[in-house]
Structure formats: structure tokens, C-alpha cells
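Please find below my notes on the model under review. They are set out as numbered points, to be read alongside the coordinates.

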Amino acid sequence: MPLKKALLIKFLGLALGLSVSISTYAVDAPNDAPVEAVVVPKESMFQAGRSYISRVSDRFVDTVSGKSEELINRAMEVIGVRYRWDSELPQSGLDGSSFVGYVFKDKLGFLLPRKSTQMSRVGKPINRDELQPGDLVFFNTMRLTFSHVGIYVGDNKFIHSPSKGTAVRVDDLGSLYWDKRFDGARRLDGSDNLGDAERKELLNEVKNLKRKSRSL
């Protein structure tokens, strides 16, 4: 595999929080033995990205579980940042899904889809009694499933950016409002159930981030 392509695939894996393993194989043979050329079919960037995005990543599981305290601490540092629709930086404000996306990208380098409904298809579903710090919790706040998302911090609490006129804060899952609207939870493990269009959107964001890094 050419070095340039190998590095590109590895970049995709790291940018998406997945573990990409690139292996090379050497075959011992006598010096005078004929060497047969091995033709490896070319794989498009999208195909490579799709196959690696859909692979369960033990490395990412270790990253989330091993760094959950750091992740929560980073999320807590954003408490008080005002809610602002469709904004992705704390300096200007964060909405519900952009808050979650910002924390995971800033602390773990893991790129999540932009919308909470898309986030609900990343990782594996877990029961409420299985929740651990760093898991994503979802709510039906607009008569739409998975219309809001937060990060579980332990002790039946979660941190999120609720709505217009509020700021990032910690709330209790057992409170009447949130308990009634609880819509499920996901543990990020590197797997996903995204559609092709959503994966392509995520890969395009990876390419944009790469272009930005080159211009720095």
C-alpha cells in the first residue's frame, strides 16, 4: 500500500475516533525464486472510510472509558456558555448537539455527526441502568425522537445545553421533566448505523478539517 494512501486512511481513522490497523506482509523466498506481482484493487476514499467507520473499535472504547473523567471535566468547563442555535464554538454559544460534538472533538478528537438524531445511531444502545460517565443520553423535547442530547456524568446527572435563553448546565435524569422525556442512551464504541449520505457528510467534514490544518 503506497505510503500516502496509508497515511490518509490512518488519518481518517484517527479523525473519526476509530482504530485503523494497516498491515504489511513479507514472504520469505529463495533469492532466485520468481516474484509474482500482487494486484490490489484500488479502494476509493469513501469506501475505505465507510468500512472503517462501521468497524467496532476497541481502541475508542478504551479512550472513552479511560478518559471519561477528563471528558466530563472538559464538559464542566463549558458550563455557563449560552445556548445558541446552529453554533459550534463556545465563544459564540452552543446548542444541544454542538455542545456534545465540541466536547468529544476537543477532548478525544472524535468527530460526531452534527444532529442529535444522527448521534443516536452512533455506538451501541444501552439501558438506563447501565449508564456510565461519557455515555450519550437522548430526549424527546420537540415531539420528535432523539431531538435533544446530553452527556451522562454519573450519579443520575447529565450535562447539556438545554434551549434558547439558557446555558450549559447539569440536570438530574430523575427530575419530572427529563424523566418523562428520556429517549434512550448510547455508548460510543466506534460502531454506527449511519446511512451512506450521513457517512459521506462526516467524511467531507474530515476533509475540511484536513484542509484547515494545512492552512495553519
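1. The largest pocket of this predicted model has a volume of about 480 Å³. Its lining comprises 24 residues, and those nearest the centre are Y83, W85, S116, M142 and S147. By class, eight lining residues are nonpolar, ten are polar and six are charged. At least two lining residues come from each of α5 (96-108), α6 (116-119), β5 (148-154) and α7 (176-181).

2. Nine salt bridges are present in the structure. In one of them, the side chains of D95 and R114 meet at 2.8 Å, N to O. This pair links distant parts of the chain, 19 residues apart: D95 sits in the loop between β2 (93-94) and α5, and R114 in the loop between α5 and α6. Both D95 and R114 are buried.

3. A salt bridge also joins the side chains of R128 and D179 (3.0 Å, N to O). Here the partners are 51 residues apart, with R128 in the loop between β3 (122-126) and β4 (136-139) and D179 in helix α7. R128 is partly exposed at 30% relative accessible area, and D179 is likewise partly exposed at 38%.

4. R169 and D171 form a salt bridge whose closest N and O atoms are 2.8 Å apart. R169 is partly exposed, at 34% relative accessibility, whereas D171, at 15%, is buried. Separately, salt bridges link R74, E77 and D106 in a network.

5. On the surface, M76, I79 and V170 make up a nonpolar patch with about 200 Å² of accessible area together. I79 belongs to the loop between α4 (68-77) and β1 (88-89) and is partly exposed, with a relative accessible area of 40%.

Notes: Residues numbered from 1 in each chain as written. Predicted model: local features only at pLDDT ≥ 70, side-chain atom pairs only at ≥ 80, totals over all residues. Heavy atoms only, no water. Patch = residues over 30% accessible without salt bridge, like charges linked within 9 Å, V, L, I, M, F, W, Y side chains within 5 Å. Areas by Shrake-Rupley, 256 points an atom, 1.4 Å probe, with all protein chains shown as cover. Salt bridge = Lys/Arg side-chain N within 4 Å of Asp/Glu carboxyl O. Helix = DSSP H or I, 4+ residues; strand = E, 2+ residues; numbered from the N terminus. Buried < 20%, exposed > 50% of the residue type's maximum accessible area, 1.4 Å probe, protein only. 1 Å grid on protein atoms, 1.4 Å probe; cavity = no way out; pocket = protein on both sides within 12 Å on 5 of 7 lines; lining within 4 Å. Points joined across faces, edges and corners; volume = space filled by probe spheres on them. Nonpolar A, V, L, I, M, F, W, Y, C, P; charged D, E, K, R; others polar.
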